[in-house]
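Hi there,

I am passing a structure on to you, and my notes follow just below it. Please have it open while you read.

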Amino acid sequence: MAFDIDMIKKVYAQYGERIAAARKAVDRPLTLTEKILYTHLWDGNATQRYERGASYVDFAPDRVAMQDATAQMALLQFMQAGRPRVAVPSTVHCDHLIRAKEGAEKDLAVATTESKEVFDFLASVSNKYGIGFWKPGAGIIHQVVLENYAFPGGMMIGTDSHTVNAGGLGMLAIGVGGADACDVMAGLPWELKFPKLIGVKLTGKLNGWTAPKDVILKVAGILTVKGGTGCIVEYFGEGAKSMSCTGKGTICNMGAEIGATTSTFGYDESMERYLRATNRADVADAANAVKEHLTADPEVYANPEQYFDQVIEINLSELEPHLNGPFTPDLATPVSKMKEEAEKNGWPLKVEWGLIGSCTNSSYEDLSRAASVARQAVEKGLVTKAEFGINPGSEQVRYTAERDGLLDTFTDLDATIFTNACGPCIGMWARVGAEKAEKNTIVHSFNRNFAKRADGNPNTYAFVASPELVAAIAISGDLSFNPITDTLVNDKGESVRLDPPSGDELPQKGFDVEDAGYQAPAQDGSSVVVAVSPTSDRLQLLDPFPAWEGTDINGLKLLIKAKGKCTTDHISMAGPWLKYRGHLDNISNNLLIGAVNFFNDKTDSVKNQLTNEYGPVPATQRDYKAAGIGSIVVGDENYGEGSSREHAAMEPRHLGVRAVLVKSFARIHETNLKKQGMLALTFVNKDDYTKILEDDTIDIIGLTEFAPGKPLTLVLHHADGSEERFEANHSYNDQQIGWFRAGGALNIIRRGQAS
Ligand code: SF4
């Protein structure tokens, strides 16, 4: 499982020269983000200045991480690339496919039986191609990466949008689709538009009930789910230094919720402490030797307005605990205002469940602070009003927390300890009664709270908070409970107050674990056989997508005009569909079933232009495909926000959708569409969205001269015989246009291998 200290030393050895060259090229002091970007240029030549928000740049990431749900498609693609072994250190983590129902032991046994075929596939592909494999129950990918692989100043990509969590250890860690991961594992450069930079200056110090989670809940309230798009967020200031490494991870983790490319912090003593506590003293020593390169140049933080595109300042001493939600992670409400807001908006005050865990908040410190609140409930004679569920972040955290009595504290409150896995955070929560779709409230320490995300119930109002606030609110059973000012009545009828949480940043007796759950790959995997049954309903080998036909694309039917929020969860739902993530045809039966049809305000009900009847989106699209007719999907703002799952791009591609035309895209999804050979287009004039009618047939003109920066033309043929035209923008560069022409990026890699 060992991280590669030689690789890290090699990265650091290049730092001095490359950073000096970059400083000269941009002719000013450098932010930390720029240092990491310029030291990871694919060609190693840091003498050119790149324009933020404009230049497409090739990078050489140090690592790749994949979780079980996305790894299936990433590795099915990698198998097509024809390489004998991965080119950079890579790992697979089995964490998404494990249901939370009865508790860790039983749930894990069920998962390893139910998903045996998938876990065996991932283990054997990993073994064959030199990929480290973390077994089911080993932990959540981002916690395991933070504990084992993240390092200050490094760059990694991961097939999960919360890969950004590793920013807590000073990395630039970025969520990508499986196709990007496939490229990097195949030894190719990874392309990213040079990001804009947002600086967040943290002054003061967290105190009382306020936690690192509240920093990002506040930032999400300021920037909204779109505010970080195309940007990297760099946190700095005395307040940043005063926080733990895992707390910084929490903040970076939810950078995904503001659409940021990633977030990071400069190297400091909290990171050194964490590295040493997780058996990586040699990484800490290596980082100490290049310390000045692992943070911004001093002038930057002295005058941040000069060096960042946007600067936000937050005084931690004055920051209040927050609850964000329901249904969106950027609806931020300070705890003192919750009563008023909940009453005004009709949010149910009675809290049914408090869930602590997810990659956002499942560190030892998180559990210890939440346990300090739980302990008080027992000691002060309080009866917990809501149910409790806990998902530790890793086996190392779980084992240590059990040894130190933290888990017993939770079970004293009748909490269920679920597997070290995603569980309720990814809809793998077999919640009793969820099918009744009753209006109810839950609080959790996760990052996402879109409708249906946790339990599949569209009427579950989920609020995101720190683990310690989740514990307090679950004990009170009241969403409007403010532990700073309010009291609770105990079993003797006395009014008692909960004291502010306390906890250990790192375990006092050190981390411990018996079996962390790691399986090293074979030194030579050439004889390892990867078996995929042709009759499997979980796994399906991929066939290449067809190349572009070389002409304009005419006669596309409108599949759906999606209204409002359309995340990757709406495009390719998780929950019960997770099991088909390795089978493109089967999972395509969830295509856009969560998207709201503009014309009837219904989900999964669109007009089939061949029959004039309304039907489910996937079935309608299969009809078009069977008739040899292409289609187009139209969407609203920030289409494809949420996760990095490329299924949201591969499914429409597989079923014959040719283009997605929206007001704006979330970055990862836009790239995923391009990689799969789709057309990802945006309205030049957003009002043209209104011109799209339900019975439209649409042509896309200008593809024979498809070129960077040159808009394409869309022609709408309305059912009444009239016609309208407008222009659509795209952000394809030359390489990406090559992907479109070839029918997908993988076709180009394969061709390169064959030549
Ligand atoms: Fe797992 Fe939830 Fe984290 Fe995604 S956000 S990796 S589902 S815990």
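To begin with the overall picture, the chain has 26 helices and 30 strands. Please keep in mind that this is a predicted model. The C-alpha atoms fill a box of roughly 75 × 60 × 55 Å along the principal axes. For 755 residues, a compact globule would have a radius of gyration near 27 Å, and the 25 Å of this chain agrees with that. Of the 755 residues, 58% count as buried. Among contacts with a separation of 6 or more, 78% are between residues 24 or more positions apart.

**Domains**

The chain is divided into domain 1 (5-317), domain 2 (321-496) and domain 3 (553-754). The C-alpha centres of domain 1 and domain 2 lie 27 Å apart. Their contact takes 41 residues from domain 1 and 43 residues from domain 2. Which helices supply at least two residues each of the side of domain 1 that touches domain 2? They are α4 (104-114), α6 (141-148), α8 (212-223) and α10 (245-253). The largest share comes from α8, with 6 residues. By class, that side of domain 1 has 15 nonpolar, 17 polar and 9 charged residues.

**The ligand**

There are 14 residues around the ligand, and S358, C359, C422, C425 and I426 come nearest. The shell divides into 7 nonpolar, 5 polar and 2 charged residues. Which domains each give the shell at least three residues? Both domain 1 (5-317) and domain 2 (321-496) do.

**What is buried**

A150 lies in the loop between α6 and β5. A150 and G170 are 20 residues apart in sequence, while their C-alpha atoms are 8.1 Å apart in space.

In soluble globular proteins, nonpolar side chains tend to be buried together. Here, the largest nonpolar core has 229 residues, and L122, I473, I632 and L661 touch the most other members. Leaving aside neighbours within four places in sequence, L661 is in contact with I632, V634, L681, F683, L714 and A728.

S368 lies in helix α16 (residues 364-379). S368 is buried, because 24 other C-beta atoms lie within 10 Å. Leaving aside neighbours within four places in sequence, S368 is in contact with L406, G503 and D504. S368 and N207 are 161 residues apart along the chain, and their C-alpha atoms are separated by 16 Å.

**Backbone details**

A cis peptide bond joins G325 and P326, with omega about 0°. P326 lies in the loop between β12 (322-324) and β13 (332-334). F327 is found in the loop between β12 and β13 as well, and F327 has a positive phi of about 70° although it is not a glycine. Is F327 buried or partly exposed? F327 is partly exposed, because 16 other C-beta atoms lie within 10 Å.

K452 also has a positive phi of about 70° without being a glycine. The place of K452 is in the loop between β17 (440-444) and β18 (460-464). K452 is buried, with 21 other C-beta atoms within 10 Å.

Happy exploring, and best wishes

Conventions. Residues are numbered from 1 along each chain as its sequence is written. This is a predicted model: local features need pLDDT of at least 70, side-chain atom pairs count only at pLDDT 80 or more; totals for chains, interfaces and linings use all residues. Helices (H or I, at least four residues) and strands (E, at least two) are DSSP runs, numbered from the N terminus. The radius of gyration is taken over C-alpha atoms; the globule rule is 2.2 Å times the number of residues to the power 0.38. A residue is buried if 20 or more other C-beta atoms lie within 10 Å of its own, exposed if 12 or fewer, and partly exposed in between; C-beta atoms are placed from the backbone. Two residues are in contact if their C-beta atoms, placed from the backbone, lie within 7 Å. Domain bounds come from an automatic or database domain assignment. Ala, Val, Leu, Ile, Met, Phe, Trp, Tyr, Cys and Pro count as nonpolar, Asp, Glu, Lys and Arg as charged, and the others, Gly among them, as polar. A residue is near a molecule or strand if its C-beta atom, placed from the backbone, lies within 6 Å of it. A nonpolar core is a set of buried Ala, Val, Leu, Ile, Met, Phe, Trp, Tyr and Cys residues joined through C-beta atoms within 7 Å.
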